[in-house]
Amino acid sequence: MRMTRAGLLVLVAFSIPVAIELRVLFGFFGVKLPLTASIVFEAVFLLLIAVFYNVSAEPKSATKN
């Protein structure tokens, strides 16, 4: 499964509000999640997305000379 640039952009844009609202979700269960935990979670998630994008990207084709 290859990830396109548009798919990458949509995934990154979707993950930011989810990471922000993660503190609210944990608050419903009585768990106080520090802001740094949300930031670390988002950074790790974005790193995993970038790695997956680079792994699944098409290799650059050779130029025709």
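**View 1. Val31 in the loop between helix H1 and helix H2**. In this predicted model, Val31 is part of the loop that runs between helix H1, residues 5-28, and helix H2, residues 35-56. The relative accessibility of Val31 is 38%, and Val31 therefore counts as partly exposed, since that class holds the values between the limit for buried residues, under 20%, and the limit for exposed residues, over 50%.

**View 2. A nonpolar surface patch that includes Val31**.

**View 3. The packing of helix H1 and helix H2**. The two helices pack with their axes 9 Å apart, and the angle between H1 and H2 is about 165°. Because of this angle, H1 is described as roughly antiparallel to H2, a term that is used for angles over 145 degrees. Where H1 passes H2, the crossing is right-handed.

**View 4. Glu42 in helix H2**. Glu42, a residue of helix H2, has a relative accessible area of 10% and is therefore classed as buried, because the limit for that class is under 20%. Although Glu42 and Ile20 are 22 residues apart along the chain, their C-alpha atoms are separated by 8.7 Å in the model.

**View 5. Phe45 in helix H2**. Phe45 is likewise found in helix H2, but the relative accessible area of Phe45 is 28%, so this residue counts as partly exposed. The C-alpha atom of Phe45 is separated by 9.3 Å from the C-alpha atom of Ala19, a residue that lies 26 residues away from Phe45 along the chain.

Methods:
Residues numbered from 1 in each chain as written. Predicted model: local features only at pLDDT ≥ 70, side-chain atom pairs only at ≥ 80, totals over all residues. Heavy atoms only, no water. Patch = residues over 30% accessible without salt bridge, like charges linked within 9 Å, V, L, I, M, F, W, Y side chains within 5 Å. Areas by Shrake-Rupley, 256 points an atom, 1.4 Å probe, with all protein chains shown as cover. Salt bridge = Lys/Arg side-chain N within 4 Å of Asp/Glu carboxyl O. Helix = DSSP H or I, 4+ residues; strand = E, 2+ residues; numbered from the N terminus. Buried < 20%, exposed > 50% of the residue type's maximum accessible area, 1.4 Å probe, protein only. Axes fitted to C-alpha atoms, helices over the stretch in contact; angles between N-to-C directions. Parallel < 35°, antiparallel > 145°, perpendicular 65-115°, else oblique. Left-handed = near helix turned anticlockwise from the far one by under 90°.
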